[in-house]
Amino acid sequence: MTSPKTKAGSGKKPAAAPFSSAKSTKAKKNPLFESAPKNFGIGQDICPKADLTRFRQKVILHQRLKVPPAIAQFAHTLDKNAATQLFKLLNKYRPGSKQEKARLTETAAAVVENKKDETKKPLFVKYGLNHIVALIEAKKASPVVIAHDVDPIELVVFLSALCREMGVPYVIVKGKARLGTVVHKKTAAVLALQDVKSEDQRELTTLINQRRQWGGGLRGNKSTQMIRKRAKAAGQTISAASIGKL
């Protein structure tokens with residue numbers, strides 16, 4: 001596209017043509033200094049240090065605030081060895097096994113032929129919040145296994161009180177995903193067994209021992225030292241355990 005012509009004798013320059021095909025001049029790169037953009041993916045360059053003040057403040061706040069037992073019990077889960085034994089026991093009663101599928105096939109065939117089903121229903125793990133609540137209310141669940149990381153916590157926070165009221169043993173373990181693997185799901189908030197075999201009954205009773213206590217209320221270093229100075233000035237002796245209760 002040609003630029004518009006100007007009148008002779010006028011000192012004005014013609015306007016530049018839009019979308020002109022003028023070649024853009026690129027700056028020459030120095031071959032001695034090559035650009036190497038960083039990759040912050042997994043196993044790549046180390047990420048720069050970020051400001052984590054707000055996260056630290058949140059952690060400290062959770063330590064200072066007193067938490068009622070109904071919520072604090074989810075921070076006191078079953079220890080590692082006991083949890084391993086419990087999951088070994090639960091895996092013995094996993095639903096969806098080949099034996100269970102064969103039993104259901106035989107039952108369906110018996111219904112079609114109008115015969116009475118004489119096969120004994122096997123014992124396996126129950127799941128589903130509504131189903132387990134119904135089992136607890138009927139006093140048929142023993143024990144109830146609750147995950148500690150259910151979100152929102154209100155979904156399962158009432159289960160411990162319901163279990164105590166109905167006299168049903170319960171235990172809190174780490175990981176809803178770990179519970180989900182038992183019943184072939186991604187996650188499971190709560191599991192339960194209706195009954196176990198006689199050889200597993202003794203092992204089950206040793207695993208269930210749940211405590212109720214308040215959580216949080218941990219004082220900082222400055223607050224602890226101040227209380228110790230006051231106690232020393234008053235001629236009293238105070239221990240670290242009693243400081244946390246003040």
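Q: How are helices and strands assigned and numbered here, and in which helix is the place of Ser160?
A: Helices (H or I, at least four residues) and strands (E, at least two) are DSSP runs, numbered from the N terminus. Ser160 has its place in helix H6, which covers residues 159–166, and the chain as a whole has 10 helices and 6 strands. The model is a predicted one, in which local features need pLDDT of at least 70 and side-chain atom pairs count only at pLDDT 80 or more, whereas totals for chains, interfaces and linings use all residues. Residues are numbered from 1 along each chain as its sequence is written, and side-chain values use heavy atoms, with hydrogens and water left out.

Q: Is Ser160 buried or exposed?
A: A residue is called buried under 20% relative accessible area, exposed over 50%, and partly exposed in between, with a 1.4 Å probe and protein chains only. Ser160, with a relative accessible area of 3%, is buried, and of the 246 residues of the chain, 26% count as buried.

Q: Which residues does Ser160 touch, leaving aside those up to four places away in sequence?
A: A contact means heavy atoms within 4.5 Å. With that sequence limit, Ser160 touches Gln73 and Tyr170. Across the chain, 77% of the contacts between residues at least 6 apart in sequence join residues at least 24 apart.

Q: How many disulfides does the rule count?
A: A disulfide is a covalent bond between the sulfur atoms of two cysteines. The rule asks for a pair of cysteine sulfur atoms within 2.5 Å, and by it the count is 0.
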